[in-house]
Amino acid sequence: MKINIIGGGPAGMYFAILMKKADRAHEITVYERNGPNDTFGWGVVFSGKTLRNLRAADEGSHAEITRAFAAWDNVDVVHHDSKISIHGNSFSGIARLQLLKILQRRCEELGVKLLFRTEVHDVDSLRARCDLLVAADGVNSTARKQYSECFAPSLDVRPNRYIWYGTKRLFHGLTLTFRENEAGVFAAHSYKFNKATSTFIIECDQETWDTAGFSAMSDDQTRGYLERVFAKDLDGESLLSNNSKWINFLVVKNQNWFFENVVLIGDALHTAHFSIGSGTKLALEDAIALFERFTATESVAAALGDFESTRKPVIEEYQAAAYESMRWFENARAYMNLSPLELAYSVMMRSGRVSYEDLKKRDPDFIAAYEEREAGAGGRSRRQTADGSEE
Ligand SMILES: Cc1cc2nc3c(=O)[nH]c(=O)nc-3n(C[C@H](O)[C@H](O)[C@H](O)COP(=O)(O)OP(=O)(O)OC[C@H]3O[C@@H](n4cnc5c(N)ncnc54)[C@H](O)[C@@H]3O)c2cc1C
């Protein structure tokens, strides 16, 4: 089969790897507008379950990915200078660039043709020259735009602003930090993804953003302002910019996932708010799901139909949970009067995917402390100062 793929991100390259590994006779070309070493983004995060899926799909890249991983089992919630840790959550982080390099090497090893610095403008002519065209061209997908009548996308621009930084301050766990100042409420999502660096994403609502005056600030002024907001958390380290800009999260859905021989995967097909885990996980799992359809049939039409009918319910459920989580952060202001323990509980329950029983199983001490607090018993709370020491 001749397969063209637009986009050398995680979705496009992983699908290329799985197809080529299964049948070396496939002729697979990936068209990528960037160079192989362009650094975009900081760390990406995976759950233990995603890692098991990656091992089952391709042991070679899984081994390399896990060697490069920073792993942790705690979610830390920082509020009113107190840190509450909730254990029993298995996550790992890796630098986005490192992940891309591993996938690039694996593609080259298998004989997938990677064409860097090659932007696709004419999707139609590319699709005419292959059996299958996979549009893995990210959140602003050119293919989705060109065939919008066929895919019928819905694009929902969310009201919160967020900005993606790195920092040398190491956050040993998925850390959610809430800080208030005269402008409003800021939430930071941070986690270390290698021995020396953490991702640090900051989000705030529009009112906070306007009051702080970010529209009139340069990139350096914005960074300086946010370093002051999170001064206690950054512990003297600066925020590292990678051409970081404020963005509004875009929720992408598509009514139709394919037409004729063209299919969307990854961010081009759907997005899920970063607070519930990275889009990278969904991008890789899309690639696995699409590949699996081709192990059952050689017919492109049948495989794409099966892909849509089997994967869509999974994605819809995931996007529904991500929506609840995103809404929680959009309304974060309303939760700021909660105690640190209550806020931590609310954060953990926000998506509706974790039940009270799940949480009790994962971290019985946390639930016991929460229940005691709720019952007004006081006493054995797990309050800690922001530097991690017991109060
Ligand atoms: C710039 C950027 C930085 C990010 N940083 C992080 C991060 O640090 N942590 C995290 O968890 N998530 C990050 N994300 C989000 C996360 O990586 C995505 O959810 C995930 O990468 C989705 O994978 P994907 O392969 O579907 O799309 P992407 O990773 O976006 O890959 C799409 C690829 O297609 C290429 N492309 C697009 N249009 C064309 C075209 N017309 N012709 C040729 N090539 C094209 C792009 O250059 C890109 O490499 C980032 C996304 C982007 C776009």
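# Exercises on sheets, charges and salt bridges

A search of the whole structure finds 22 salt bridges; a salt bridge is a side-chain nitrogen of Lys or Arg within 4 Å of a carboxyl oxygen of Asp or Glu. This is a predicted model, where local features need pLDDT of at least 70, side-chain atom pairs count only at pLDDT 80 or more, and totals for chains, interfaces and linings use all residues. Residues are numbered from 1 along each chain as its sequence is written, and side-chain values use heavy atoms, with hydrogens and water left out.

**Exercise 1.** Find the salt-bridge partner of Glu 119, and explain what the pair ties together.

Step 1. The partner is Arg 33. The closest N and O atoms are 3.2 Å apart.

Step 2. Glu 119 sits in the loop between strand E8 (113–115) and helix H5 (123–128), and Arg 33 in the loop between strand E2 (27–31) and E3, so the pair ties together parts 86 residues apart in sequence. Helices (H or I, at least four residues) and strands (E, at least two) are DSSP runs, numbered from the N terminus.

**Exercise 2.** Work out the strand order of the open sheet of 3 strands, and say why one side of E3 and of E4 lacks a neighbour.

Step 1. The order is E3-E7-E4, with antiparallel pairing. Two strands pair if DSSP finds at least two bridges between them.

Step 2. Strands E3 (43–47) and E4 (70–72) stand at the edges with a single partner strand each, so one side of each has no neighbour in the sheet.

Step 3. From one strand to the next, the twist averages 25 degrees. Axes are lines fitted to C-alpha atoms, and angles run from 0 to 180 degrees between N-to-C directions.

Step 4. Check one pair. E4 and strand E7 (residues 91–95) share 3 bridges. Ala 70 stands opposite Gly 93 in E7.

**Exercise 3.** Describe the open sheet of 6 strands.

Step 1. Its order is E8-E2-E1-E9-E17-E16, and the pairing is mixed.

Step 2. E8 and strand E16 (258–259) are the edge strands, each pairing on one side only.

Step 3. Strand E9 (residues 132–135) and strand E17 (residues 262–264) run parallel over 3 bridges. Ala 135 has Leu 264 in E17 as its bridge partner.
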